[in-house]
Structure formats: structure tokens, C-alpha cells
Amino acid sequence: MHRIEQYLNGLVVPKDELLPIERMALYSKGEKVDRMPCCLDTGETLSYLINTPIDVYYHSAEKMYMLEQYIFDNFGSDGAGLSTTLRGMAEAMGSEIRYHANNIAQLYKPAHTLRDVENARLVDIDKDGRLPIILEGLRMVKEKLGDKVPVSGTVTGPFTIAAMVLGTENLLIGMIKKPEKIKALLEIIVENNNRYIQRLIDMGIGIGFADPVSSTSLISPEQYRKFSLPYFKKNVDFIKSQGSGCGLHICGTSRKIWEDIRDSGVTCFGLDNVESLTEAKEVLGGAMCIQGNVPPVEVMRLGTPHDVLRSAKKCIDEAHDSPKGFVLTSGCQMPVNTPVENMQALMDAARIFGRDL
Amino acid sequence: MEKELLFQKISDSVVEMEDELVEELCEKSLEMGIDASETINKGLIHGMDRVSVLYEEQEYFLPEVLTASFALNAGIDILKPHIKGESTDKHIKVVIGVVEGDTHDIGKNLVKIMSESASFEVYDLGRDVPLADFVAKAEEVNADFICMSTLMTTTMAGMRAVIDDLKAKNIRDKYKILIGGGPISQKFADEIGADAYAVDAASAVRKMKEMAHA
């Protein structure tokens with residue numbers, strides 16, 4: 001009988017032999033490991049796992065840490081970490097965010113309009129918005145789990161932060177009508193990001209970027225090169241100048257900017273499930289580790305564990321031999337109420353199909 | 001200036017996203033005594049229709065479409081008070097909104113813009129729309145379509161609730177339901193009994209045209 005059919009029906013899933021931190025250290029050097037790396041793309045959407053309303057999670061460093069501990073203990077994911085979320089930096093810059101018990105937070109009122117955007121402010125990392133809470137959460141995660149699993153902080157790409165500071169439509173119209181104002185805003189955002197990034201580097205925490213508004217689903221490659229990439233690179237250069245590396249995730253379509261991403265200096269790229277891992281391996285695989293891309297809604301949230309296994313196997317088949325490595329994960333953050341069984345199945349897919357490659 | 005030339009200039013200014021020029025030319029059309037609805041259709045909407053084509057051809061992206069629609073609306077604001085009489089009833093009527101609990105509205109706005117450029121009559125309920133409002137508005141304006149969107153899995157169920165409400169009121173067949181948004185799929189549309197799923201704004205307009213003429 002096929003291993004997928006046998007899963008949850010008598011199949012023995014091999015146990016991990018290495019700690020995530022050992023596995024990732026060996027894997028990044030190109031050495032043999034017990035199984036394919038696999039990260040659960042979690043965060044606030046999964047706070048239900050520790051019986052915590054999402055709005056409570058957002059405001060508690062302790063809860064943030066507890067969720068990472070839970071995920072490490074129960075799944076053995078190869079990464080732990082916290083995100084500023086797409087709105088965290090914009091909130092620190094004055095945007096009003098609405099929080100909900102059973103739903104992710106949403107931008108309610110942008111900090112600025114195109115008329116007053118020149119007043120955009122530099123943030124105080126220790127005071128503004130939820131940034132101090134997230135940093136405290138990261139400190140706890142690093143202290144309690146840092147010797148077992150790589151810990152990272154996700155920050156937001158400057159262009160996406162600008163969308164949350166102005167409102168996405170105003171940003172997009174502003175690029176055409178008031179390009180100089182937008183560029184001035186992006187410079188301030190770069191500095192704000194660097195201030196936060198410095199704290200992550202000081203704590204020995206890895207850095208990843210999420211930059212969904214830079215997707216070519218929203219802007220043209222030319223607009224990306226003019227308004228997003230130069231500012232993103234300033235953050236990347238800041239990180240690299242201190243001897244660290246960073247990853248990037250862009251939701252939605254991104255194929256037409258992969259050459260730019262390849263040359264941006266990032267060491268890892270996570271692609272959305274609308275893009276092809278096979279193509280990413282060819283274009284980006286020689287320059288960086290690639291990650292992906294089990295569909296988060298159709299498969300992780302709405303599918304069965306067997307659907308997860310099928311989808312994950314396809315990802316592994318396509319990308320396991322990518323020159324600079326591959327990490328199995330979902331194509332984006334897993335939605336609220338993603339079943340535990342499906343998260344387990346994603347990890348188990350790496351244990352079942354990710355051996356002896 | 002000749003009327004046709006003025007229409008062409010207005011159309012061009014919408015395509016070029018020149019809102020101030022659009023305003024100037026629309027004022028001029030009124031001075032020339034041109035019928036406001038003719039200027040809207042042959043100038044403004046004509047231009048926006050070209051923008052939709054450019055978007056489909058990937059010459060234009062979302063920023064250009066939004067900026068052009070900003071110019072379009074600047075013109076419509078000037079002309080609308082001068083429209084004589086009510087518009088005819090032959091338009092395809094669309095009630096559209098982002099379902100309750102969700103404030104992400106770019107996709108919905110794009111469908112609205114492209115529907116208007118296809119000369120549909122659009123009733124935009126906005127975002128975070130109480131579910132009962134979809135049916136109430138559709139009944140009020142005698143709509144052909146109810147369009148719902150959401151970006152989040154947590155609010156998808158609202159679409160089913162609207163359809164179930166129509167069924168409970170025995171008016172499900174009066175309307176065609178079109179849904180879309182990040183987590184939405186054809187499979188989900190089938191499950192909840194929507195008439196169609198559209199992957200993007202262009203296909204939303206195309207599908208509505210097909211269904212309206214079927």
C-alpha cells in the first residue's frame with residue numbers, strides 16, 4: 001500500500017534524530033541530515049492552540065513565547081520566532097489597528113494621508129506600538145528555546161509598511177501622483193526598520209522579511225524596482241554589513257522580480273503557492289535556499305492530512321535537490337483554525353518523504 | 001472644439017491619469033452645452049474602458065487603474081449634477097461589497113472600477129458589510145448580481161450565510177451570486193452554491209457579462 005494511504009493507518013513515521021538547531025546548522029553547510037527541514041508558518045493565527053484569543057496574544061510577550069514552546073514541543077518545527085506582523089511597524093508610526101478575538105488584526109486608520117505624509121515619524125523601538133512586547137517575546141523565545149531551534153524575527157518590507165502607514169490605495173496612487181513624497185516616506189521606514197533590526201541582531205536572532213504588497217499581483221516590476229527594491233536593499237545591506245543574512249517572503253505572484261530578488265543579497269526566499277518551486281529552483285536555487293509552498297487555505301486549512309501529505313510530497317519532489325537547499329513549508333502563514341492534524345502531517349511529510357535524499 | 005474631439009481628449013486624459021485635465025475638459029463640455037451623460041459615456045467611461053484593456057494586457061497595473069479611476073471620478077463629480085432625467089433601466093445592476101468582519105477592499109474596488117467601465121450600474125456597499133445589507137440593497141435596487149469578496153478565511157462563511165438567507169426568503173433565483181478574494185476558490189463557490197467564482201477583476205466582469213446575456 002502507498003505510504004500516503006498508510007498514514008494514520010499503521011504507517012510508522014520515523015522519529016527525528018537531530019534537534020532543529022543541529023539539523024539546520026548541518027543542512028546549511030550542505031552536510032547530510034536526518035530529514036528535510038520543515039517549518040510551520042505560524043503566528044497569531046494559531047493562538048487557539050494555547051487557548052488564547054488572538055487579541056490577547058498580540059499584546060502578551062508571555063503568550064507569544066508559549067505558542068512557540070507549544071509548537072516546538074508538539075511538532076518539532078525547524079524554526080521558532082515572532083513577527084512584527086504586517087502592521088506592527090505602521091502601528092508604531094501612528095496607524096490605528098483594530099484587534100479581534102477570533103480574527104487577525106486589521107488596519108483601521110492609516111497614520112498619514114498623502115497630504116501630511118512628510119510628518120511621518122521615526123519610532124522609539126522601546127515605546128511605540130507593540131514593538132517592545134514583540135521584542136520581549138523574542139527575548140523569551142531565544143532564552144528558552146534558543147539552544148534547540150533557530151529563532152528568527154520577521155519584519156516587514158519597507159513598501160508593505162508604507163502601505164500600512166498610508167493605506168494601500170493611497171500608496172499606489174501616491175507612487176504615480178506624488179513619487180517624491182513616497183520616496184521620502186520610504187527612507188524614514190528604512191531607518192525605523194534598521195532600528196528594530198539592530199535589536200534582533202544584538203539578540204542573535206535571525207531575520208526574515210514579509211513583503212506582500214511588493215507582489216506583482218499589485219505593482220509592476222518597474223514600480224517594484226523604483227519604489228520597493230532600493231529601500232528593501234538598504235535594510236538587507238544593513239544586515240549584511242553586520243555579518244548576518246536574511247530571508248524574504250512575498251505573497252501572490254512574484255516571478256517577474258525573481259532576478260531582482262536573486263541579486264538583492266537575501267539568503268532565502270519563500271514563494272507563494274501560486275508560483276512554481278521547479279521554476280524557483282532553476283532561477284533562484286543557485287543563489288539561495290528556497291522555501292514553500294503547500295497551499296495554506298485549500299490544503300492546510302481545508303484539506304485532510306492526506307491532502308497535506310500529497311501536496312508536501314509534490315513540493316519535496318520538485319525542490320529537494322535545489323542547489324542551496326530547500327525548506328518545506330506552506331505558501332503563506334497558516335490561516336486561523338488550521339487543524340492540528342494537518343500541521344502534524346506537514347511535519348510528518350518531511351519525516352516520511354524527506355529522508356535519504 | 002468639436003464634440004468628438006473633446007470626448008477623445010477626455011478619454012485620453014483618463015488613460016493618462018490626469019485628473020486636473022479631466023476636470024478642466026468636463027467643465028468645458030458643460031460650457032459647450034454637451035449632454036452630461038454623453039460626455040460620461042463617450043469620454044470618461046470610454047477612457048476607463050481603455051484602462052481596463054491596458055490592465056488586462058499588463059501594460060497597466062493596479063496603481064495606474066486606481067489613479068485613472070480617481071481621474072474618472074473627478075470628472076463624474078462635475079458632470080453628475082447635470083445629467084438630465086434618470087438613466088435607463090437596461091444596465092446590468094450590481095450590488096458589491098466586502099463581507100462582514102473584513103476591511104480589505106482593493107480587490108472589491110477593482111471589480112467596481114472595471115464594472116463601471118463596462119457600463120454596469122454599481123451599488124458599492126463598501127467593506128465590513130453587515131450580511132443582511134447585501135440582500136436588502138439587491139432587493140431595493142432590483143439588482144442582477146450580488147458580488148461578495150473577502151481576503152480572509154475567517155470571514156468566508158459570511159458568503160454562505162447571504163446565499164442561505166436568499167434561499168430562506170425564496171428569492172435565491174432572482175440574483176446571480178459572484179464571489180472572489182484570496183482564499184476563495186471554485187470549489188468553495190460550488191460548496192456554498194454561488195453562481196460563479198472569479199479569480200480577478202477582469203474575469204469577474206467577463207463572467208457577469210456572460211451570465212447577463214445567457
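Helices here are DSSP runs of H or I with at least four residues, strands are E runs of at least two, and both are numbered from the N terminus. This is a predicted model, where local features need pLDDT of at least 70, side-chain atom pairs count only at pLDDT 80 or more, and totals for chains, interfaces and linings use all residues. Residues are numbered from 1 along each chain as its sequence is written, with chains lettered from A and ligands numbered from 1 in the order in which they are written.

Let's start in chain A. Ile182(A) sits in helix H9 (residues 179–202) of chain A. Ile182(A) is buried, with 23 other C-beta atoms within 10 Å; buried takes 20 or more such atoms, exposed 12 or fewer, partly exposed anything in between, with C-beta atoms placed from the backbone. Leaving out residues up to four places away in sequence, Ile182(A) touches Ala162(A), Leu171(A), Gly174(A), Met175(A) and Phe227(A), contact being C-beta atoms, placed from the backbone, within 7 Å.

Now for chain B's own H9 (residues 201–213). Its buried residues are Ala201(B), Ala204(B), Val205(B) and Met208(B). They share one side of H9(B), because they cover an arc of only 95° around the axis, taken from the directions from the helix axis to the C-beta atoms. The face turned away from that buried side carries the exposed Glu210(B) and His213(B).

These elements of chain B are among those covering the buried residues of H9(B):

| Element | Residues |
|---|---|
| Strand S1(B) | 93–98 |
| Helix H5(B) | 106–117 |
| Strand S3(B) | 145–149 |
| Strand S4(B) | 176–180 |

Terms used: Two residues are in contact if their C-beta atoms, placed from the backbone, lie within 7 Å.
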